[in-house]
Amino acid sequence: MRYNALRTRLALLLMAVLVPFLAHAYDPDAVQAQKSSNDSLAAAAHGTETHKAGFDPGHMIMDHIADAHDWHLWGHTHLPLPVIVKTDKGFELFSSSHFINHETHHLDAVYKGTHYSYKLAEGKIVVVDEVTGMENEEATHQLLDLSITKNVVTILMLFGLMLFVFISVAKAYQKRPGQAPKGLQSWVEPFIIFIRDDLAKASIGPKYAKFMPYLLTVFFFIFFANLLGLVPIFPGGANVTGNIAVTLVLSTITLIITLINGNGHYWRHIFAMPGVPAFVLIILTPIEILGIFLRPFVLMIRLFANISAGHIIALAFYSLIFIFGNEGQNVAAGLGVSVVSIAFTVFMFVMELLVAFLQAYVFTLLSAIYFGSAVEEHHHDDHAHDHAHAAAH
Amino acid sequence: MGLVMPDIGLVIWMSITFLIVLFLLKKFAWGPILKMIHEREASIEEALKSAERAKAEMQALQADNERIIAEARQERDRMMKEARDMKDAIVGEAKSKAKEEADKMLAIARETIHNEKMAAITDLKNQVAQLSIDVAEKILKRELAAESKQKELLGDLMKDVKLN
């Protein structure tokens, strides 16, 4: 019954999320078409920047999935974000709007700060010489970019949303104790119970309660971030969970929690697997030690790659329109391909909705399994527990 | 490649904000939510259990009732049987008594009848004897009215008497 309820909720959620986006499905095209035609016009006018003369899908896609120091809204409208850099001489704080070149509308202007001059190169802040415009590699190397980037803004928004949603849900629970969930509660509760019963209890066992806050936080963060990443317009579109820094932090926290909670049984299985002869241990122990780090590493890569791949595929289908449209010279072909592209993108979008949930689920499940292996007791205890469990039912 | 190189800035922001949010959510959201869900589940389980108990009690009560009814029925049957037996006994006794009485009365009647009959017979015999005597007297009186007759009779009688 719980599964049915969850399934219904999920279906509703998919519907609710899908319908408005299908209506907007054309928006990125329109934006991109405008941008692209502007680019080609600008390129034609200047006639110098050869790399922008043609539509470069690879560049465009990488641009979209990478983090940015500003938020491109539409056309030439950018939402400037604060840039914070730590140099060897001290901190600098300025707006990313200083990088806007007002002639080309690109972010390629040089900003002269207190300590150095800066410009953006491939989305990264580099220190340049004010006069020559050449990169000061030594200073760049010592630069620590702590800017509030697009991803940081999205992360802050997500955390704000999570705090709002779950604290108000908690209040609703406290206001109506012992009663059936209502409103937002009933959206959230199936997920919470699903994570508790099917992930935490099933993978960790009786000591699951300790890990619930982390599992819930990580699940909802990834899930919300994935969904927000699918929204093509502001405030969505940032590729948060497809950013390796984010997945690195999440998987590192999973690793740290696993190591902190590892009991004697866990460490014994790593350093001296019971029942294995000593000469095999010489091979096995390094593998096991490597495994400790390999598992969160795989966790990091899986989430990053899945979400990035989804974004890349969607963007690649859109790019096809402009590749076939050949910079506006072959509109018919562009329109023809756009039908196919839109169809594929809608299909991919539905897939990505599934992936959004699935990846959040997989990350949480694997974290739970690692925690489970860390707190697992002796096997015969487990069996005894299982029997007791079975008997209780 | 830039894509797989984590930005230190983002790592720092993500770590700090995630840990703060984890702490806040744990304290203000997950703790209360999980507690309330657990409490609600416990209360539902308790309610289900008590319903089960009530059902069992009801069943026990019903079984008890049935037992009492069965006992009452048995008791009734037993009493009915007793009453019937008693009735039979009384009726039988009455019958035998009546028969006895009747027999006694019959015997008395018979005896009375016998006595009466005997008395009547005796009476009749006496009357017949009296009558016979009367008749004999009358006859004798007539026979012995003449003296010759008396002498003849005497002579007859004397003939019979042989003097030895």
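A: Let's begin with Asp134(B), which counts as partly exposed because its relative accessibility is 34%; buried means under 20% relative accessible area, exposed over 50%, and partly exposed in between, with a 1.4 Å probe and protein chains only. You will find Asp134(B) in helix α1 of chain B, residues 8-143 (helices are DSSP runs of H or I with at least four residues, strands are E runs of at least two, both numbered from the N terminus). Now look back along chain B to Met5(B): Asp134(B) is 129 residues from Met5(B) in sequence and 180 Å away in space, C-alpha to C-alpha.

Before going on, note that this is a predicted model, where local features need pLDDT of at least 70, side-chain atom pairs count only at pLDDT 80 or more, and totals for chains, interfaces and linings use all residues. Residues are numbered from 1 along each chain as written, chains are lettered from A and ligands numbered from 1 in written order, and side-chain values use heavy atoms, without hydrogens and water.

Next come the pairs. Side chains of opposite charge can pair when their charged atoms come close. Over all chains, the structure holds 16 salt bridges, each a side-chain nitrogen of Lys or Arg within 4 Å of a carboxyl oxygen of Asp or Glu.

One of them is between Lys124(A) and Asp7(B), whose closest N and O atoms are 3.3 Å apart. This pair joins two chains, because Lys124(A) belongs to strand β7 (residues 124-128) of chain A while Asp7(B) is in the segment before α1 of chain B. Both partners are partly exposed: Lys124(A) has a relative accessible area of 40%, and Asp7(B) has 23%.

Now turn to Asp197(A) and Arg196(A), whose side chains meet in a salt bridge of 2.9 Å, N to O. Here Arg196(A) is buried, with a relative accessible area of 4%, and Asp197(A) also counts as buried, at 17%.

Finally, return to chain B. Arg76(B) forms a salt bridge with Asp77(B), and their closest N and O atoms are 3.2 Å apart. Asp77(B) counts as partly exposed because its relative accessibility is 41%.
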